[in-house]
Amino acid sequence: MFTKSQALFEKAGKVIPGGVNSPVRAFRSVGGTPVFMQHAKGAYMYDVDGNRYVDYINSWGPMILGHAYEPVVKAIQEYATYSTSFGAPTELEVTVAELIISMVPNIEMVRMVNSGTEACMSALRLARGYTGRNKVIKFEGNYHGHADSFLVSAGSGVATLGIQSVPGVTASVAEDTLSVPYNNLPAVEQLVAEHPDQIAAIIVEPVAGNMGCILPQPGFLEGLRDICDKNGIVFIMDEVMTGFRLAKGGAQELFNIKADLVTFGKIIGGGMPVGAFAGKREIMEHIAPAGKVYQAGTLSGNPIAMIAGYTLLKALNDHPNFYTQLEEKTNALVAGLRSALGAAGVVHQVNHIGSMMSVHFAEYPIVDFTSASGANNELFRRFFHAMLERGVYLPPSAFESWFISHALGQEDIDFTVEAAKASMQAIKA
Ligand code: PMP
């Protein structure tokens, strides 16, 4: 069933570290051979052995309208004929910036970069340059890309691989990153009190998606905003996952909370390598060449990436009730899975909001990294493989969110729920 994937993985291991270009793809925590993909359309991915999967990672977020969404594909084809890169400004970059600013509340300027990592790294540098302070507070199990400052108590692949401290990140850099449990305001207050006038920024995933999907408890984000206001700290919302996904204006709109800086990735590039950071003019104008906080990129604002992102964002912007429909799909899947897992007598928690969700096998609520780590990840591993064999591609780690796309139909939801029932029967047998 996975013959060609197995052969490719063997070859890949000889020329690419671990056989993959990003760790979570390697199936390390669930075991087995990663599936090598060939093409994808709508809600489905097809591997090199000809197997079809209903896709619940959707490129870890960008494919919110499904794979190979025709207007995006066409736009890329057209723009590629004009040149794949200029290294000089284009009108398209202005148009994209205007569209983003019109969709997202509370931002006046945006700088495009090439990944979510770059976006978060640059936003932190800006916060440091703006405040003249060094330290940052982040949350255990949150992931903000692989810049040195964020590889402390990080989620996603760092958590999946169980890496406690990352070799290569110097002690002096790590010392400036303070981390506390998610959803724990008193812990943040204590850290701030212990480091007066030293904290440049608090960075948070407004919905955590890198330790499964974990929701902010009522008052948590408001509390962070308040602490930042009282202490002159820059509040950075990492909306790499949640931006343009939870609402047109992301988590800021959904929760009605203002961030000082916002970072984006994934959807903003329509599947091309793009990230962005944005905020009020007063802070953003500290970025070079307007200000002295240096940040640059040979391929930043790349025309192919810009037109892909623009076309996708415009489609989301112009759709009258896109986010309601997307949430209805998620709710239907959540209800189906709960009933399938319940009928099988398996303790489980299904966290969900908008089009993000995850399943943890635990009898208690999953609210932070400690509770996520305590869930039955051996059962998740078996569930993952049973689902994969039945044509459902879940994130290959319990420390990741599932992403629902608009291409997902009721028949796909039914198919997934049936697969979950059959998977549980197979696991129990
Ligand atoms: N922030 C968050 C919240 C993310 O989920 C990710 C990637 N999953 C990043 C930052 C880093 O983005 P990238 O992988 O594009 O560098």
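Where is the place of Ile16? Select Ile16 to begin: this residue is in the loop between helix 1 (3-15) and strand 1 (37-41). Helices (H or I, at least four residues) and strands (E, at least two) are DSSP runs, numbered from the N terminus. Before going further, note that this is a predicted model, in which local features need pLDDT of at least 70 and side-chain atom pairs count only at pLDDT 80 or more, while totals for chains, interfaces and linings use all residues. Residues are numbered from 1 along each chain as its sequence is written.

**First stop: Ile16**

Is Ile16 buried or exposed? Ile16 has 12 other C-beta atoms within 10 Å, so it is exposed. The terms work like this: a residue is buried if 20 or more other C-beta atoms lie within 10 Å of its own, exposed if 12 or fewer, and partly exposed in between, with C-beta atoms placed from the backbone. Ile16 and Ala429 are 413 residues apart in sequence, and their C-alpha atoms are 38 Å apart in space.

**Next: Ile353**

Select Ile353, which lies in strand 11 (residues 349-353). With 21 other C-beta atoms within 10 Å, Ile353 is buried.

**The ligand**

Now centre the view on the ligand. How many residues surround the ligand? There are 17, and the closest are Ser115, Gly116, Thr117, Gly145 and Val240. A residue counts as near a molecule if its C-beta atom, placed from the backbone, lies within 6 Å of it. Colour helix 4 (residues 116-131), which supplies three residues, the largest share of the shell around the ligand. If you colour the shell by class, you will find five nonpolar, ten polar and two charged residues. In this scheme Ala, Val, Leu, Ile, Met, Phe, Trp, Tyr, Cys and Pro count as nonpolar, Asp, Glu, Lys and Arg as charged, and the others, Gly among them, as polar.

**Helix 15 and its partners**

Select helix 12 (residues 322-343) and helix 15 (residues 410-428), which pack at an angle of about 20° with their axes 9 Å apart. Axes are lines fitted to C-alpha atoms, for helices over the stretch in contact, and angles run from 0 to 180 degrees between N-to-C directions. Helix 12 and helix 15 are therefore roughly parallel to each other. Angles under 35 degrees count as roughly parallel, over 145 as roughly antiparallel, 65 to 115 as roughly perpendicular and the rest as oblique. On the helix 12 side, show Lys329, Ala332, Leu333, Gly336, Leu337, Ala340 and Leu341; they meet Ile413, Thr416, Val417, Ala420, Lys421 and Met424 in helix 15. This contact of helix 12 with helix 15 divides into nine nonpolar, two polar and two charged residues.

Keep helix 15 on screen and bring in helix 14 (residues 377-389). Helix 14 and helix 15 pack at about 125°, with their axes 9 Å apart, and are therefore oblique to each other. Arg382, Phe383, Ala386 and Met387 in helix 14 meet Ala419, Ala420, Ser423, Ala426 and Ile427 in helix 15. By class, the contact of helix 14 with helix 15 has seven nonpolar residues, one polar and one charged.

**Helix 2 against helix 11**

Select helix 2 (residues 70-80) and helix 11 (residues 303-318), whose axes are 9 Å apart at an angle of about 150°. That makes helix 2 roughly antiparallel to helix 11. From helix 2 come Pro71, Val72, Ala75, Ile76, Tyr79 and Ala80, and from helix 11 Pro303, Ile304, Ile307, Ala308, Thr311, Leu312 and Ala315. The contact of helix 2 with helix 11 has twelve nonpolar residues, one polar and no charged.

**Last stops: the backbone**

Select Ala68, in the loop between strand 3 (52-55) and helix 2. Phi of Ala68 is near 50°, a positive value in a residue other than glycine. Finish at the peptide bond from Ala288 to Pro289, which is cis, with omega near 5°. Pro289 is found in the loop between helix 10 (281-284) and helix 11.

Key. Two residues are in contact if their C-beta atoms, placed from the backbone, lie within 7 Å.
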